[in-house]
Amino acid sequence: MEQILEKIIGILGTANLRVLLGLVGVIPLVVVNTLILTWAERKVAGHMQLRIAVKEVGPFGLLQPIADAVKLLGKELLTPACAQRPLFYLGPILVFVPVLVSFVVIPFDASLQIMDINVGLLLILSFSSLSVLSILIAGWGSNNKYSLIGAVRSVAQNIAYEIPLLLSLLAVVFMAGTLSMKEIADAQVGLWFVVKQPLAFIIFFIACVAETNRTPFDLPEGESELVAGFHTEYSGMRFALFFLAEYTNMLIVSCVATVLFLGGAHGPWLPGIVWFFLKSYFLVFLLIWFRWTFPRVRFDQLLNFSWKILMPLAFLNLIVTGALLKL
């Protein structure tokens, strides 16, 4: 066994093997997170809107997510006759891959990080942009006008909101002086960046709601006008992969916000990893809260809000931050 392990290490290298094992270890986190959030979303919605949520399958409906997973596993994988098959098959796969890679550089604790690289934040932003490409491929490959409109909406929405998102992050990078996720978290010992950069945090979080296609910015999926948007033609596990990616992206953006603005794993009394997930899931709760509170905006309102409000505010915040640091 030791000889086999030595050969594997010799072929892959220690760093690559660590990344590979880390990605394998992240898969259970992704699956469990999705099961928890699908249940929590229904329960939160039920309490907020004073109606009955899931309660029949298992105590308090706790087994409902497992029943949903079994149902999706058993459903037939349908492919439209006129779909462009290579693109149609590639969409769900491509939407899921960046989800795993983003976890590589997130520091869950001082000693729990798959890999700390000096451009960790840049890696997350680079791979997150692939999700937009996957949605476009899925919508185009479906050969369905509703899917295509949803895909085009997603591209326009993500381009509009990526710019204020990046500008808000630049202010944090200026203050920390690094792109390493671990070093950014360590720079907040004593005082979180959300106190120093409240406007950047608000801009970042609003942009994250849009980037993850969550209400009130769920225009690519708009059921009331697009049936189900870019994933209209998908069934079974192909459909499940899109929602697995959506719920995991909710956790990723919350983890990134925790590291950049809420001090990461730093906190008193409790272990660091407990603090990290408490902060992250509080932000996930806000995302769920928004969905069941705010109505969906029109598409022109969505774009105007980014270009005319968030963008100038993000530029102003960046200029002020740069000036203060220079002085």
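Mentor: Asp-68 counts as buried, because its relative accessibility is 16% (buried means under 20% relative accessible area, exposed over 50%, partly exposed in between, with a 1.4 Å probe and protein chains only). You will find Asp-68 in helix 3, residues 64-74. Its side chain is joined to that of Arg-42 by a polar contact of 2.8 Å. A polar contact here is a pair of N or O atoms within 3.5 Å; within protein, one must be able to donate a hydrogen and the other to accept it, and residues adjacent in sequence count only if both atoms are side-chain atoms.

A word on where this comes from. This is a predicted model, in which local features need pLDDT of at least 70 and side-chain atom pairs count only at pLDDT 80 or more, while totals for chains, interfaces and linings use all residues. Residues are numbered from 1 along each chain as its sequence is written, and side-chain values use heavy atoms, with hydrogens and water left out.

Now let's visit two loops. Ser-235 sits between helix 11 (223-226) and helix 12, and counts as buried at 15% relative accessibility. The side chain of Ser-235 reaches the backbone nitrogen of Leu-78 at 3.0 Å. Setting aside residues up to four places away in sequence, Ser-235 touches Glu-76, Leu-77 and Leu-78; contact means heavy atoms within 4.5 Å. Thr-178 belongs to the loop between helix 7 (145-176) and helix 8 (181-186), and with a relative accessible area of 12% it is buried too. A polar atom of the Thr-178 side chain lies 3.0 Å from the backbone nitrogen of Ser-180. Thr-178 and Gly-120 are 58 residues apart in sequence, with their C-alpha atoms 9.5 Å apart in space.

Stepping back, the protein chain has 14 helices and 0 strands, where helices (H or I, at least four residues) and strands (E, at least two) are DSSP runs numbered from the N terminus. Buried residues make up 47% of its 327 residues.

What about the interior? In soluble globular proteins, nonpolar side chains tend to be buried together. The largest nonpolar core has 76 residues, and Leu-260 and Phe-261 have the most contacts inside it. Helix 12 (residues 236-261) gives the largest share of this core, 14 residues. Such a core is a set of buried Ala, Val, Leu, Ile, Met, Phe, Trp, Tyr and Cys residues joined through side-chain atoms within 4.5 Å. Beyond its close sequence neighbours (up to four places away), Phe-261 touches several residues, including Trp-192, Phe-193 and Phe-204.

Finally, the cysteines. A search of the whole structure finds 0 disulfides, a disulfide being a pair of cysteine sulfur atoms within 2.5 Å. Cys-208 is buried at 3% relative accessible area, but its sulfur is 11 Å from the closest cysteine sulfur, in Cys-255, so the two are too far apart for a bond. Cys-82, by contrast, is exposed at 59%.
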